[in-house]
Amino acid sequence: MRRLGLQSLPMAFAVWLSAFPPAQAQTQAQSQVQDWPARPVRIIIPLGAGGGGDVFARLLAEELRKRLGQPFVVENRTGGALNIGMRACAESPPDGYTFCITSSEPIVYNQFLFKTLPFNPETDFEPITNLFFNPVAVVANAGLKIGTLDEMMALAKAKPGTLSYSTFSFPLVAFMDKMNKKHGVDIIHVPYRSGNEVVNGVVSGTTPIAILGLSNMLAQVRAGAIVGIALNANSRSPLFPDIPTLQEASGVVPPAPGLGSTTICWLSRAGRRPPCRHRRYTPPSARPDGPGRPHAPRTRPATHPPD
């Protein structure tokens, strides 16, 4: 299999970018839509700098700047289980100049985990498209000398109260709670603001276990600093075929079976249909990474045409 580097990541959103012809190719007939953007555009991301979602957002912003001739400025608004960034997006003017790139957690799960939210996930946002899916894996610091979930639980029993883990996925927090209860252990959840911080915590041993998207840590897994234990997916990854799925490794179906990955989506503030929704859409058969072109193995592209 050809292994593609981070520079190939834009292929995952190439089909979406194809909706934006270069500025010089715009026609007078499309002037009302094509006038957008007339000033810099803001992209809010509720995740910290340096993680997979943040890197993706900045690559996307640069591609859009090249195509549309205006800056796309990425703002990291972290904290509050991603609610702070989503509130900033929900409170922005509905003028088509503020967008939000987020994982599915604050839109889907937070309404069931918090008594109140500072935004309404059903009415405050206009969906644009899904950008990519990021396969999630259970991993550990190589120094723990564990390679399976059973070994992880055995270590937690031998050293009670000393192991900790981090994840952004609330369904997987529920999964770990279930595993703790099943095995009578207390692996403690530690929240972080970005995938970069989580990876640093695993490598340093500060938080030696994590459940995180593969795009954040491929280099560390390949180098042997981080060990892959299980993949939250319906099938094994062709990149790491020796890593079993969570169900294979534990015999326990995760709280969200079939989820398999974090969905990264592109939203705008509700209230005005964003001009970019009216741009030309190129079908998958015409996309740059169509048949015969391999996708970056760390993510799966999501190509939903605009309505």
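This is a guided tour of a predicted model, giving at each stop what to select and what is there.

**Before starting**

Residues are numbered from 1 along each chain as its sequence is written. Because the model is predicted, local features need pLDDT of at least 70 and side-chain atom pairs count only at pLDDT 80 or more, while totals for chains, interfaces and linings use all residues; side-chain values use heavy atoms, with hydrogens and water left out.

**The whole chain**

Begin with the protein chain in cartoon view, where there are 10 helices and 10 strands; these are DSSP runs numbered from the N terminus, with helices being H or I of at least four residues and strands being E of at least two. Of its 307 residues, 53% count as buried, where buried means under 20% relative accessible area, exposed over 50% and partly exposed in between, with a 1.4 Å probe and protein chains only. Switching to a surface, the protein chain exposes about 13,700 Å², and carbon and sulfur atoms supply 53% of that area; accessible areas come from the Shrake-Rupley method with a 1.4 Å probe, and for residues only the protein chains shown count as cover. Among contacts with a separation of 6 or more, 77% are made by residues 24 or more positions apart, a contact being heavy atoms within 4.5 Å.

**First stop: the rings around Trp36**

Select Trp36, Phe72, Tyr97 and Phe99, which form one aromatic cluster. The structure holds 4 aromatic pairs; rings of Phe, Tyr and Trp (its six-membered ring) pair if their centres lie within 6.5 Å, and planes under 30 degrees apart count as stacked, over 60 as edge-to-face and the rest as tilted. In one of these pairs, the ring centres of Trp36 and Phe72 are 6.3 Å apart with planes at 80 degrees, so the arrangement is edge-to-face. This pair links distant parts of the chain, since Trp36 is in the loop between helix H2 (31-34) and strand S1 (41-45) and Phe72 is in strand S2 (residues 72-76), 36 residues apart.

Turning to Trp36 and Phe99, the centres are 6.0 Å apart and the planes stand at 75 degrees, so this pair too is edge-to-face. Here the link is from the loop between H2 and S1 to strand S3 (residues 98-103), which holds Phe99, 63 residues apart from Trp36. Trp36 has 5% relative accessibility and therefore counts as buried, and Phe99, at 0%, counts as buried as well.

**Second stop: the nonpolar cores**

Next select Leu149, Met152, Ile187 and Ile229, the residues with the most contacts inside the largest nonpolar core, which has 23 residues. Such a core is a set of buried Ala, Val, Leu, Ile, Met, Phe, Trp, Tyr and Cys residues joined through side-chain atoms within 4.5 Å. Two or more residues come from each of strand S4 (125-141), helix H6 (149-158), helix H7 (170-183), strand S7 (209-213) and strand S8 (226-232). Centre the view on Ile187: leaving aside neighbours within four places in sequence, its contacts include Met152, Leu163, Met176 and Ile209. A second, separate core of 21 residues includes Val41, Leu47, Ala57 and Phe132.

Select S4, which is mostly covered, with 15 of its 17 residues buried. S4 and S7 pair in the antiparallel sense over 5 bridges, two strands being paired if DSSP finds at least two bridges between them, and Ala137 stands opposite Leu212 in S7. Another 6 bridges join S4 to S8, also antiparallel, and the bridge partner of Val139 in S8 is Gly228.

Move to Ser166, which is in strand S5 (residues 164-167) and counts as buried because its relative accessibility is 1%. Beyond four places in sequence, its contacts include His189, Tyr192, Thr207 and Ile211. Both faces of S5 are covered, with Ser164 and Ser166 on one side and Tyr165 and Thr167 on the other, all buried. S5 runs parallel to strand S6 (residues 188-189), to which 2 bridges join it, and Ser164 stands opposite Ile188 in S6.

**Last stop: Arg58**

Finish with Arg58 in helix H3 (residues 52-68), which counts as partly exposed because its relative accessibility is 37%. Not counting residues up to four places away in sequence, Arg58 touches Val74 and Asn76; the C-alpha atoms of Arg58 and Val74 are separated by 6.5 Å, although the two are 16 residues apart along the chain.
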